[in-house]
Amino acid sequence: MNIVIAPDSYKGFATSDEAAQWLAEGAARVFPDATITTAGMADGGEGTASRFSGETVTLPTTDAAGRLTEASYIFDRTAKTAYIDIAAASGLPAVSDLLDGPGTSTYSAMAADTYGTGVLIADAQTRGAQRVVLGLGGSATTDGGMGILVALGAAPHDQRGYPLPKGGGPLDRLAHIDTANLNVAAAGLEFIMLADTSAPATGPTGTAHTFARQKGADDQQIAHLDAAIAQMCEVTGTDPTAEYLGAAGATPVGLLWLSRLIYGTNDNVHVLPGAAVVAKELGLPAAIANADLVITGEGRFDEQSSRGKVVGQIAEFVISAQEEKATSDASAASAPVLAIAAAEFATNPGKNVLSAQLEPGKDVAKQLRAAGEEIAHNYRNTLTVQG
């Protein structure tokens, strides 16, 4: 009996490693002799950098609201690679005290920027980094990565040549980006961006309409930000409909422009589905191919779960393994079964998918252990029915 447990974090309640461990403890109550492989997952959001090895670097920077803070990243000296979560400096957790709701007066979704992440990138270059793996999930910004560009010495201007204020809102007046003071060494790094969504930069499924509300924007501001990112795409020559470019408030737009500016192509910037990259780093495709039961999970399972998130990626691996077993001589019963543990199911997880819903108001460790046990019981019952 092989069980693979690979959940996302349950934000504010459990890290992905904790969740995996507690789910495993519950499953082991039903299958004490099973081989259980745990792998705390990430999809480019908060905690992605910690999935990689290296030393932790902590330094002063600014949060999305421009306040002084501290943020950390992982630096692998041997690989000359820095692993940076945009959520570390420019994420929602750092400004949660200001986010009272849409249109809040204490937090400006229009002025929020990624400058603090740019500080981390510049610091990594001074330590010898040649490559930055940038986790894009969990940002509190919709600025097209302009804050990062400013931190690296670029300056956005309007048609009259006046510098634009910080944030995504003013980008509707963007006419050109001055590069006289650009930090070419840092701007010329190779960027591997791990997206947690396949959303495009603009439009009804774009970054502003899909994510800006949770970053404090009201309806009018969402429309404004969508137009602002569209203007930035126009100025930078970026396709606003391309998949994944809407991640982290369309941060890939700015970094793709940097690559074309310095190298003449997009070849030095790669935008990849974060969950797939992390899963391969952890060896999950092979583990899932040999599993009987695969348990994943997140706080809320909804329509976005299949659009670049951890649960959707794990489900793809399971489906791939099931299809491979179906076309081989192996028994169909040996194909892995998918299970999802979530605090809320906004959509149906689908046919032949086991699920367990966490109970509100209880200790999260107990809930996850109970969920792991429930899933294992239900899986054992399916084996009994199948004979």
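**View A. Asp76 stands opposite Thr81 in strand β5.** The model is predicted: local features need pLDDT of at least 70, side-chain atom pairs count only at pLDDT 80 or more, and totals for chains, interfaces and linings use all residues. Residues are numbered from 1 along each chain as its sequence is written, and side-chain values use heavy atoms, with hydrogens and water left out. Helices (H or I, at least four residues) and strands (E, at least two) are DSSP runs, numbered from the N terminus. Two strands pair if DSSP finds at least two bridges between them. Here three bridges join β4 to β5 (residues 81-85), and the two strands run antiparallel. They form a hairpin with four residues between them. In its turn, Lys80 has a positive phi of about 55°.

**View B. Strands β3 and β4 make an antiparallel pair.** Strand β3 covers residues 55-62 and β4 covers residues 68-76. Eight bridges hold the pairing. Thr58 stands opposite Ser72 in β4. Five residues lie between the strands of this hairpin. One of the hairpin residues, Gly66, takes a positive phi near 90°.

**View C. Phe52 and Tyr83 form an aromatic pair.** Rings of Phe, Tyr and Trp (its six-membered ring) pair if their centres lie within 6.5 Å; planes under 30 degrees apart count as stacked, over 60 as edge-to-face, and the rest as tilted. By this rule there are three aromatic pairs. The ring centres of Phe52 and Tyr83 are 4.3 Å apart and the planes meet at 5°, so this pair is stacked. Phe52 sits in the loop between β2 (35-38) and β3, while Tyr83 is in strand β5. The pair links distant parts of the chain, 31 residues apart. Phe52 has 10%, so it is buried. Tyr83 has 12%, so it is buried too.

**View D. Phe301 and Phe345 form a tilted aromatic pair.** Their centres are 5.9 Å apart, with 50° between the planes. Phe301 lies in strand β11 and Phe345 in strand β12 (residues 337-345), so the pair ties together parts that are 44 residues apart in sequence. Phe301 counts as buried because its relative accessibility is 9%.

**View E. Five strands form an open sheet.** The order is β2-β1-β11-β12-β13, and the pairing is parallel. Which strands stand at the edges? They are β2 and β13 (354-357); each has a single partner strand, so one side of each is left without a neighbour in the sheet. From one strand to the next, the twist averages 20°. Four bridges pair β12 with β13. Ala342 stands opposite Gln357 in β13.

**View F. Helices α1 and α12 lie across strands.** Contact means heavy atoms within 4.5 Å. Axes are lines fitted to C-alpha atoms, for helices over the stretch in contact, and angles run from 0 to 180 degrees between N-to-C directions. Helix α1 (residues 16-30) lies across β1 (2-5), β2, β11 and β12. It runs at about 165° to β2. Helix α12 (residues 310-326) lies across β11 and β12, at about 155° to β11.

**View G. Thr296 is buried in strand β11.** This strand spans residues 293-301. Thr296 has a relative accessible area of 0%. Leaving out residues up to four places away in sequence, Thr296 touches Ala6, Pro7, Val310, Val311, Ile314, Leu338, Ala339, Ile340 and Ala341.

**View H. Helix α10 (residues 274-281) has five named residues in its buried set: Gly274, Ala275, Ala276, Val278 and Ala279.** These buried residues pack against β9 (190-195), β10 (269-273), α11 (284-289) and α12. Gly283 follows α10, with a positive phi near 75°.

**View I. Leu182 lies in the loop between β8 (176-178) and α5 (184-187).** At 13% relative accessibility, Leu182 counts as buried. Neighbours within four places in sequence aside, Leu182 is in contact with Leu152, Gly153, Ala154, Ala187, Leu258 and Leu261. Leu182 and Leu149 are 33 residues apart in sequence and 8.4 Å apart in space, C-alpha to C-alpha.

Terms used
Buried means under 20% relative accessible area, exposed over 50%, partly exposed in between (1.4 Å probe, protein chains only).
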